[in-house]
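Subject: Structure for your review

Dear colleague,

Please find below the structure that I am handing over to you. I would be grateful if you could read the notes after it with the model open.

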Amino acid sequence: MTAASLAVQFLNGLANASTLFLLACGLSLIFGVTRIVNFAHGSLYMLGAYVAWSLTQHLSGGVGFWASMFGAAVAVAALGALIESALLRRLYRSPELLQLLATFALTLIIRDAVLYIWGPEDLLGPRAPGLAGSINILGRAFPQYDVVLIVVGPLVLLALHVLLTRTRWGAMVRAATQDRDMAAAVGVNQAILFTSVFALGSGLAGLAGALQLPREPASASLDLFAIGDAFVVVVVGGMGSIPGAFVAALIIAEIKALCIALGSVDLPLLGTVAFPKFTLVAEFIVMAVVLIVRPWGLFGQPQSIQRALNPAEPPSHAAPRWFYWLAGALCFALAVAPLALGETSYALVLAIDIFIAILFAASLYSLVGPGGMHSFGHAAYFGLGAYAAALLLKSAGAPMPVALALSPLGGALGALLFGWFCVRLSGVYFAMLTLAFSQIVWSIAYQWDAVTGGSNGLIGVWPSQWLASHTAYYWLSLALCVAGLVFLRIIHLSPFGAALRAARDNPLRAEAIGIDRRSVQWRAFTIAGAVGGLAGGLFAFSKGSISPETLSVSRSIDGLVMVLFGGVESALGPIVGAAGFVALQDTIARHVDYWRAMLGFFMLALTLLFPGGLAGVWRRRS
Amino acid sequence: MKTRIISAVLSLCALAAPVAAQNIRIGEINSYKAQAAFLDPYKRGMDLAIDEINQAGGVGGRKLEVVTRDDNADPGEAVRMAEELVSAEKVDLLAGGFLSNIGLALGDFAKQRKIVYLASEPLTNKLVWENGNRYTFRLRPSTYMQAAMLAREAVKLQKKRWALIYPNYEYGQSAAATFKALMKKLQPDVEFVAEQATPLGKIDAGAVAQALADAKPDAIFNVLFGGDLAKFVREGTTRGLFKTIPVVSLLTGEPEYLDPLKAEAPVGWIVTGYPWYGIETPEHKAFLDAYQKKYSDYPRNGSLVGYMTIKAIAAAIGKAGGVETEKLVGAFSGLEFDSPYGKIMFRPQDHQSTMGAYVGKTDVKDGKGVMVDFAYRPGADFQPSDEEVKKLRPAE
């Protein structure tokens, strides 16, 4: 590799950094002011690309092209304003996670809407008129359009800087970023401010998507890729910091360009290392390293004052006696159900999935609820349990019951390791570090062909003969699910559980009375990992195969959705939520074409009508 | 909304009405929403075949019926759908699968529950070799077969320094490994000067195109498809990568991947694909006419695969004289059936069909990417020797 090729690769990195920055700065801006972690940001980016494509079909020439770009940005900004005023405005006083659920529902709806409007085929847009060719840099052809991108990023940074520091609107935005209650108290009209910020942030996402059109076809999977990138950039830079987002975008894009430029290199001790393969996970490695060293990102500050939005949760008590009788009766009814249903009933299969989902959701709930730790990467421990079980069976030759019994160890060991780093962080940064670790684990499973079977995963992971029937496996899942729930409940009600809640509700006072917050949270994290691992082990043997999907972000999100679906304030939440979610998904996926959008609408209705979740409906009535 | 209500009402009616007992039910699982560009045409192909067969009186006097399920691109859900199809819908056999991991999961499910599974699309070699089993059959030409077709063309170029670019997951890795192994055998002085494994769906095309150019290869072997391919083609063209360097490229001639490129489709690449506009055989003409008549649209490769999946199943049931699993296994093994690609056989030694692919060069005509100078390559000609297959596949 020559210096010249390295220099041009640096320019490639700059062009990508601009795109990343445009994508991420809107998210950072929105978070800074409204505190909403907007999952739909990637969807707005995708919409920008699609709208721009449609506009370019009607407007031609240089003027038409650039009009399309800005038209797309404006259209997406308008949609953002609509989303903010019609939906999110109702949720500012709701728990953070509920807002997340609402924006996640939006991603489901927007993706199906895109498929409905534009169809499934990728849409390749036109090149920018007059900028379709290349210029010669150090003997290499470099696209003219990339030069434009390299300039656009810093220009937008500058414009935002001026807007935020030199205008009255900017002063209000900064005030609200620092303390939104105080800003409201001195007369800043929050409704207008929030709507305008959300519109601007959305418009920037739309612009980023539109500007990407000459380099990339519009496709219905852009949203997921974009949202991952956007989160990473925002978090690495420090949430709410626009210059931070720029620096983070630069670092990540340049590291990727360098990996690609290096290619396969022979290193002493390590043998041949294929650096391009690291691009799969480079951004998450960067994020993990940055968060470990700087818990608030590169340019971020400790999260600003946020006054308690909800009345503190009443202390937990053991349920009344009749409740245990009821639960016992329900377990008995579930245990005898297979005798009535018969071995070939699909209800048994669905019930096994529900038990596993309940166990997984309950382990996540023990973090999110009593622990107050919002994990975005809980699938890692589920997956580690599943892989541990499968590897013990396939590679170590362990009998199936032993492999299953050891699966919690897989989850626990992973949680022990990653938890140590994670509990040093809080809030969104905690969430993002858990996400980064889960992505790193995923990429290892995805690439380590010799051990994990790579993207194909491991197959032939079936239970022993005596557990192979649906009925037997149903009983096993039911027993382990109940045991796991009881175990978590006992911990929740123990002095340890009280210490955990104290650390959540008031870290300062908790430490003052001698509770070691980090240690308590670390232990809770590990316990949750172990129970998640057990769910993973059960999952592996129920399906007969596992693949990296068991570790994927979407499983982590499904878990969160289940917990929120049921309601975070009730220990019954994960049970009701997981059962409801799995049953609902199973039913509508079979009968409705656009079932993802349907699920999205359902979630939106839930967040608006029953912010306490399904389990909260009952509570509110009583 | 209206159609949603109608479909909901219809499904309720379907639940209420007793299922016609004598229908043969095929359970079909696919990632319909996640891979819609391939699978929408696929479903149309299936429906066409079902119509044709049922209008001709069905198989052995019984009508065929397909029950489809969306697996959300998740193997765990695919297995649950399979359980549901088998236990609640009482299907007689399973088909479908797009992603390789889902194909493998369903194949293993078929083995465990002893039900026939015809994998229509997954390409992984493992499905018929390392993880092959008695109950699983596969229609589409495997990664190995398609890479072998191209390796034979690549040798003719007589280029020494090759660069490889592939998506970083099993399909890409195994295509690249197969190509390398075959090239070393066919042309011992071959050198591989650069390898770029890019994250699926997230290629950093500019940097990758430049890194390939900097390695100064004589030729490139490409495994990218979909959005990654579009980005790579555009960046590579702008940067002059393809001006002097020939490219050999897997699947690029399939309409699913070539059509979105429109006038910017690469010219002169050697590809595998499906040139539906130029196949003159009477079998294919019949299929093309029927498809265009029914849908007023041209078929994609997915349409062909969906159509052939149903035709293969119908032929197997006809040969078996019923839907009993062991009889079906016996019937599929060595089954010959008529398809738009002519006679195709399911090899008894590894349950892979001999469906082939067209190999040709890409070109642009009337602002659209097309294949020219193409010829059909029968799948049977691109297999390792039977001894090698025997070594790869576990004994039953």
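The notes below set out the conventions and then the findings.

Residues are numbered from 1 along each chain as its sequence is written, while chains are lettered from A and ligands numbered from 1 in the order in which they are written. This is a predicted model, in which local features need pLDDT of at least 70 and side-chain atom pairs count only at pLDDT 80 or more, whereas totals for chains, interfaces and linings use all residues.

Overall form of chain A. The radius of gyration of chain A, taken over C-alpha atoms, is 25 Å, which agrees with the value near 25 Å for a compact globule of 622 residues; the globule rule is 2.2 Å times the number of residues to the power 0.38. The C-alpha trace of chain A spans about 75 × 60 × 50 Å along its principal axes. Chain A contains 25 helices and six strands, which are DSSP runs (helices H or I, at least four residues; strands E, at least two) numbered from the N terminus. Of the 622 residues in chain A, 58% are buried, that is, 20 or more other C-beta atoms, placed from the backbone, lie within 10 Å of the residue's own.

Domains. An automatic or database domain assignment divides chain A into domain 1 (3-293) and domain 2 (347-552). Their centres, taken over C-alpha atoms, are separated by 33 Å. The contact between them (C-beta atoms, placed from the backbone, within 7 Å) takes 14 residues from domain 1 and 13 residues from domain 2 of chain A. On the domain 1 side, helix H9 (222-237) and helix H11 (282-293) of chain A are the elements that give two or more residues, and H11(A) gives the most, with six residues. By class, this side has 13 nonpolar, no polar and one charged residues; Ala, Val, Leu, Ile, Met, Phe, Trp, Tyr, Cys and Pro count as nonpolar, Asp, Glu, Lys and Arg as charged, and the others, Gly among them, as polar.

Chain interface. In the complex, 58 residues of chain B are in contact with 60 residues of chain A. The chain B side has 19 nonpolar, 19 polar and 20 charged residues.

Yours sincerely

Key
Contact = placed C-beta atoms within 7 Å. Buried ≥ 20, exposed ≤ 12 C-beta atoms within 10 Å, placed from the backbone.
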